[in-house]
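Please read them with the structure open.

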Amino acid sequence: MPWIIAFGKDFLLTCRDILPIVLLFGFFQLLVLKQRIPNLTSILVGTAYVIIGLTLFLLGLEKALFPLGKIMAGQLAAPGFLQRGAEAVNLTDWTNYGWMYCFAALIGFSTTIAEPSLIAIAFKARDVSGGSINPWGLRVTVALGVALGISLGTFRIVTGTPLHLYILAGYVIVMIQTCFAPKAIMAIAYDSGGVTTSTVTVPIVAALGLGLATAVPGRNPAIDGFGLIAFASLFPIITVLGYGQYARWSLTRAQKKQQGATS
């Protein structure tokens with residue numbers, strides 16, 4: 001059957017990709033540390049789970065997520081959908097793509113909320129902070145940043161403006177925020193930007209960008225179709241740093257009110 005052949009090919013490719021990691025850990029454990037591997041059976045079973053899971057995930061990307069992202073982008077940018085009335089629609093006018101910006105924001109928010117790596121970071125941040133960092137609040141803040149970034153990224157694709165202008169402006173904002181944000185939130189903010197570009201977000205966002213660049217006249221998928229992942233990494237840093245600044249401002253304001261009431 002075709003799906004068995006496809007699964008077998010992806011399974012072998014996944015084994016090839018996992019092999020260097022296995023050899024690396026085995027080399028340090030046996031030849032450098034010179035110790036037996038503890039819980040070897042559990043580790044081997046877990047490795048098998050990882051290989052099978054990655055194989056199924058790759059198949060899912062190829063069969064569902066990538067085609068779905070391209071189809072949705074093509075439909076939202078189709079002249080028949082954008083046309084209102086008898087007049088011909090201007091496919092290069094960025095104001096005609098309102099639903100595309102909305103869809104990009106929602107898909108960025110929803111995929112980030114479901115991102116396993118972000119969930120892990122949020123719970124670890126709660127543990128090491130003694131519960132002062134709310135995992136759900138951190139996830140929503142990061143997801144809002146991704147939503148804003150992906151929406152702005154689709155605007156860039158539609159307008160064809162250079163990518164580096166957005167990235168430079170974004171990191172200027174990050175550097176300014178870093179000078180004023182609380183130290184406790186800085187490392188988490190920078191890590192939050194990285195964990196958004198993981199297993200769930202990247203495939204759908206990449207497919208969305210390629211589909212949109214293919215549908216918009218005058219856009220080159222190889223040049224304009226990529227870059228959305230950069231937005232998804234940058235803007236969560238801005239939102240988390242902003243969240244830290246707002247939290248410190250709120251705390252300072254509450255303390256001043258309390259001092260004023262007692263005096």
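1. The model is predicted. Helix 1 (2-32) and helix 2 (40-76) each contribute at least two residues to the lining of the largest pocket. Helix 1 gives the largest share of that lining, with 7 residues.

2. The volume of the largest pocket is about 330 Å³. Its lining is made up of Ile 18, Ile 21, Val 22, Phe 25, Gly 26, Phe 28, Gln 29, Ile 37, Leu 40, Ile 43, Leu 44 and Thr 47.

3. What classes of residue are found in the lining of the largest pocket? There are 9 nonpolar and 3 polar residues, and no charged ones.

4. The largest share, 5 residues, is from helix 11.

5. Which residues line the second largest pocket? They are Ser 129, Ser 132, Ile 133, Asn 134, Pro 182, Ala 184, Ile 185, Tyr 243, Gly 244, Ala 247, Arg 248 and Leu 251.

6. The lining of the second largest pocket divides into 7 nonpolar, 4 polar and 1 charged residues. The charged residue is Arg 248, because Arg counts as charged along with Asp, Glu and Lys. The lining of the largest pocket, by contrast, has no charged residues.

Note on methods: Residues are numbered from 1 along each chain as its sequence is written. This is a predicted model: local features need pLDDT of at least 70, side-chain atom pairs count only at pLDDT 80 or more; totals for chains, interfaces and linings use all residues. Side-chain values use heavy atoms; hydrogens and water are left out. On a 1 Å grid over the protein atoms alone, a cavity is a set of points where a 1.4 Å probe fits but cannot get out, and a pocket is an open set with protein on both sides within 12 Å along at least five of seven lines; lining residues have an atom within 4 Å of a point. Grid points are joined across faces, edges and corners, and a volume is the space filled by probe spheres set on the points. Helices (H or I, at least four residues) and strands (E, at least two) are DSSP runs, numbered from the N terminus.
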